[in-house]
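Have the viewer open as you read.

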Amino acid sequence: MSAGERGKELFKGIREKMRLPVMAAPMFLVSGPEMASACAESGIACGLPSLNAREPEILDQWLSSIDLQSGLIMPNLIVHRSNKRSQSDLDLVVKHKAPIVISALGHPGPVVEAVHSYGGMVFSDVNSMALARKAANANVDGLVLVCAGAGGHTGALSPFSFIPAVREIFAGPIIAGGAVSNGAGVRAMQCLGADVASMGTHFISAQESLASNDYKEMLVASNIEDIATSALFTGVDANYLVPSVENAGLSRDDLNKRRDQVMIDDENARSKAWKDIWSAGQGVGEARAIAPVSEIVNRIEHEYNNVPACHNTVAVES
Ligand SMILES: Cc1cc2nc3c(=O)[nH]c(=O)nc-3n(C[C@H](O)[C@H](O)[C@H](O)COP(=O)(O)O)c2cc1C
């Protein structure tokens, strides 16, 4: 069986339940059970980072209270070695038999073994060909491609080249994100070979998200020029809202400094990024109001169904 064949078969059932080929991306300190449920009710998928539940006991409650078996709510596990909860959270998704688990920031092998044991699927977050190959070799069922412009830990590759290149080596479902913020972006990801578009930043502004009101207000007031990439806070490139960096007493120039060590789960690093210093991707300008998930999805659906064949400003007769 070539890489991804299992996912290609199994994902069909989930995709058929989706009204739009969209996943509200898993976001640290932003995606909670209320947003996940609102997304599933609106007919789109949603990632749910396990670390957003402060304790494993709370994660256990969350996984019991949401409609996990719909397959539309996908727990997200950070498998980086600095995450001390990797194993306990994995045990919980196994206990609840989550149909799809998204692994991020580490080798997905142990997650694949555990989740396949009960018939579930594993999608792996990747932002390079090397990581895509490694995940495909670890037998993941789907890939989440994080492309340039994404909120959170971003990728550097353009979706124009990254998606087709991954398609050459992977037959399974591909979810692709990075600054997708309207219906045209969703269509574009599909044209390039992705099955589903991942949208994070736009959903920070959802009424149901866990983001503070100040964060949501700054987000809807911001545009592409307010976003800067920096490795200062976690040691890995991520995109931030510059006004939040300035509110914390730093300048745009400070963002060019680097941390020597990767600290994804370090308490201090965490409190800065993303609690006090807020992350968003380059598509931030499309989030123009704080609105319920259902309204955001209606809007994206309308745009998706009304994308003109091309957007030429200058019409040329052929
Ligand atoms: C505030 C924030 C937190 C994020 N936290 C996570 C996370 O915990 N796990 C993860 O896999 N990706 C995380 N991401 C990345 C998203 O899953 C996704 O790749 C990204 O939001 C897509 O780009 P977009 O924001 O431009 O739509 C985060 C993104 C943001 C904006």
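How close do the axes of helix α3 and helix α4 come, and at what angle do they cross? The axes of α3 (residues 56-65) and α4 (residues 86-95) come within 10 Å and cross at roughly 20°. Before going on, a word on what you're looking at: this is a predicted model, where local features need pLDDT of at least 70, side-chain atom pairs count only at pLDDT 80 or more, and totals for chains, interfaces and linings use all residues. Residues are numbered from 1 along each chain as its sequence is written.

**Helix pairs**

Helices (H or I, at least four residues) and strands (E, at least two) are DSSP runs numbered from the N terminus. Axes are lines fitted to C-alpha atoms, for helices over the stretch in contact, and angles run from 0 to 180 degrees between N-to-C directions. With angles under 35 degrees counting as roughly parallel, α3 and α4 are therefore roughly parallel to each other. On the α3 side, P56, L59, D60 and L63 meet S88, D89 and L92 of α4; contact here means C-beta atoms, placed from the backbone, within 7 Å. That contact has four nonpolar, one polar and two charged residues. For the classes, Ala, Val, Leu, Ile, Met, Phe, Trp, Tyr, Cys and Pro are nonpolar, Asp, Glu, Lys and Arg are charged, and the others, Gly among them, are polar.

| Pair | Angle | Axes |
|---|---|---|
| α3 and α4 | roughly 20° | within 10 Å |
| α6 and α7 | about 30° | 11 Å apart |

The angle makes α6 (residues 129-137) roughly parallel to α7 (residues 159-169). From α6, M129, A132, R133 and A136 meet A165, V166 and I169 of α7. Those contact residues split into six nonpolar, no polar and one charged.

**The sheets**

Now for the strands, which count as paired if DSSP finds at least two bridges between them. Eight of them make a closed barrel, β1-β2-β3-β4-β5-β6-β8-β9, with parallel pairing. On average, neighbouring strands of this sheet are turned by 25° against each other, direction ignored. Helix α1 (residues 5-17) packs on the sheet and touches β4 (100-104), β5 (121-126) and β6, its direction making about 100° with that of β5.

Two bridges pair β7 with β11 (residues 238-241), and G152 stands opposite N239 in β11.

**The ligand**

G152 turns up again at the ligand: 27 residues surround the ligand, and the closest are A25, G151, G152, G200 and G281. A residue is near if its C-beta atom, placed from the backbone, lies within 6 Å. By class, this shell has 14 nonpolar, 12 polar and one charged residues.

Terms used
Two residues are in contact if their C-beta atoms, placed from the backbone, lie within 7 Å. Angles under 35 degrees count as roughly parallel, over 145 as roughly antiparallel, 65 to 115 as roughly perpendicular and the rest as oblique.
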